[in-house]
Amino acid sequence: MATPTLISNAANLQKFANLDQKGNIIAEYIWVDSEGGTRSKSRTLPEKEYKPDDLPIWNFDGSSTGQAPGDNSDVYLKPVAVFPDPFRLGKNMLVLCECWNADGTPNKYNFRYETVKLMDAHAAHEPWFGLEQEYTMLGQDDRPYGWPRNGFPAPQGPYYCGVGTGKAVQRDIVEAHYRACLYSGVKISGINAEVMPAQWEFQVGPCLGIEMGDHLWLARFLLYRIAEEFGVKVSVHPKPIPGDWNGAGLHSNFSTREMREEGGMKHIEAAIAKLGTRHREHIAVYGEENEKRLTGRHETGAIDQFTFGVANRGASIRIPRECAAKGHGYFEDRRPASNADPYQITGIIMETIFGAV
Ligand code: ADP
Ligand code: MN
Ligand code: MN
Ligand code: MN
Ligand code: MN
């Protein structure tokens, strides 16, 4: 697509943003598409307080998103979580949806449905997740933002948590996203600049059960939507630049009530032993092209080996030093790629540790 010469005019829009909505709200229905992106469309509803079950089921043309065939294209949108809208403000809201087929079955790309069942069945364990979403910002030329057009920046070293010109780029987008997440009630727990220049991370959690996938998807939507306003692209590819540049992951931290209590280490060890028996099945749902990232270098474990260790960032699973010292806490599954689906990650972790439903 050619670079547009006219981009949005935020100052002009502002003149209209505060107009009276005459007793209406705008609900932005958001869903996950067939490529791991987010899509959304808006509708007007009478102004009142809405919980997900109060909201109308809606639909979209699934043949335009790769989610349904053209001759049977309607996909239904079932509201599952609502959040205040940081763009439109007021009582306007963001509505996260599951996708359902016309025949009453969950859509092929609805990974939430099965995970809800697992979370419900094993709720007594009070599963907490904390996901670390790494991502890379790209310019209109698809190069990492701020990188020279022909050539490379200076080698990695100054960029991780970097401060200063030439070390950090697009902090304005990162900051806007952080604020928007807080406004919307997303349980964002922090941000940092990453090892590769133009790469950043945000963390969401701890979240209980299905809330992890919901909040991470909402946070991704907010990031894509905000970066759009800045004319910047967001890539969640796990290895955006080949060679001596860090890839991007979705480290998944996990604990149960038993693991968090005194003596919890034996529950952590038992869970890790179970994960070790299903390594390939986990890798299969831990993101596309993850083999380019999980090389055993650049703070990763090799894709064909399951390893674990205390404070070891070159292992599949890391037990944080502090947890090992205390004898309880959580562990970090470092395998998921940045483009993985949080519903699939959290679902398979539950299934492996507590059994299928
Ligand atoms: P790292 O040192 O791997 O970069 P971060 O500070 O970026 O770690 O992320 C740690 C994540 O672990 C956060 O998302 C946090 O919410 C999550 N976390 C902390 N304690 C727990 C816990 N007991 N169970 C699950 N997740 C947790
Ligand atoms: Mn139409
Ligand atoms: Mn981190
Ligand atoms: Mn990181
Ligand atoms: Mn981590």
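**View 1. The "domain: GS catalytic" annotation covers residues 111-357.** This name comes from an unreviewed UniProt entry. UniProt positions follow the numbering used here, feature names are shortened, and annotations may be inferred rather than shown by experiment. The model is predicted: local features need pLDDT of at least 70, side-chain atom pairs count only at pLDDT 80 or more, and totals for chains, interfaces and linings use all residues. Residues are numbered from 1 along each chain as its sequence is written, while chains are lettered from A and ligands numbered from 1 in the order in which they are written. Over residues 111-357 the chain is 34% helix and 18% strand. The end C-alpha atoms of this span are 15 Å apart. Helices (H or I, at least four residues) and strands (E, at least two) are DSSP runs, numbered from the N terminus.

**View 2. The "domain: GS beta-grasp" annotation covers residues 25-104.** It also comes from an unreviewed UniProt entry. Residues 25-104 are 0% helix and 51% strand. Their end C-alpha atoms lie 29 Å apart.

**View 3. Helix 3 (residues 171-184) crosses helix 4 (residues 211-229) at roughly 135 degrees.** Two packed helices are described by the angle between their axes and the distance between the axes. The axes of helix 3 and helix 4 come within 9 Å. Axes are lines fitted to C-alpha atoms, for helices over the stretch in contact, and angles run from 0 to 180 degrees between N-to-C directions. The crossing angle of roughly 135 degrees makes helix 3 oblique to helix 4. (Angles under 35 degrees count as roughly parallel, over 145 as roughly antiparallel, 65 to 115 as roughly perpendicular and the rest as oblique.) Helix 3 passes helix 4 in a right-handed crossing. (A crossing is left-handed if the near helix is turned anticlockwise from the far one by less than a right angle, and right-handed if clockwise.) Helix 3 brings Ile173, Ala176, His177, Ala180, Cys181 and Ser184 to the contact. Helix 4 brings Leu218, Ala219, Leu222, Leu223, Ile226 and Ala227. (Two residues are in contact if their C-beta atoms, placed from the backbone, lie within 7 Å.) By class, this contact of helix 3 with helix 4 has 10 nonpolar, 2 polar and no charged residues. (Ala, Val, Leu, Ile, Met, Phe, Trp, Tyr, Cys and Pro count as nonpolar, Asp, Glu, Lys and Arg as charged, and the others, Gly among them, as polar.)

**View 4. Helix 4 and helix 9 pack at an angle of about 160 degrees.** Their axes are 8 Å apart. That angle makes helix 4 roughly antiparallel to helix 9. The crossing is right-handed. Met212, Gly213, Leu216 and Trp217 in helix 4 meet Pro342, Tyr343 and Thr346 in helix 9. The residues of this contact divide into 5 nonpolar, 2 polar and no charged.

**View 5. Sixteen-residue shell: ligand 1 has 16 residues around it.** (A residue is near a molecule or strand if its C-beta atom, placed from the backbone, lies within 6 Å of it.) Gly130, Gln203, Gly205, Asn253 and Ser255 come nearest. Strand 6 (128-138), strand 8 (199-208) and strand 10 (250-255) each give two or more residues to the shell. By class, the shell has 5 nonpolar, 8 polar and 3 charged residues.

**View 6. The peptide bond from Gly205 to Pro206 is cis.** Its omega is near -5 degrees. Pro206 is found in strand 8.
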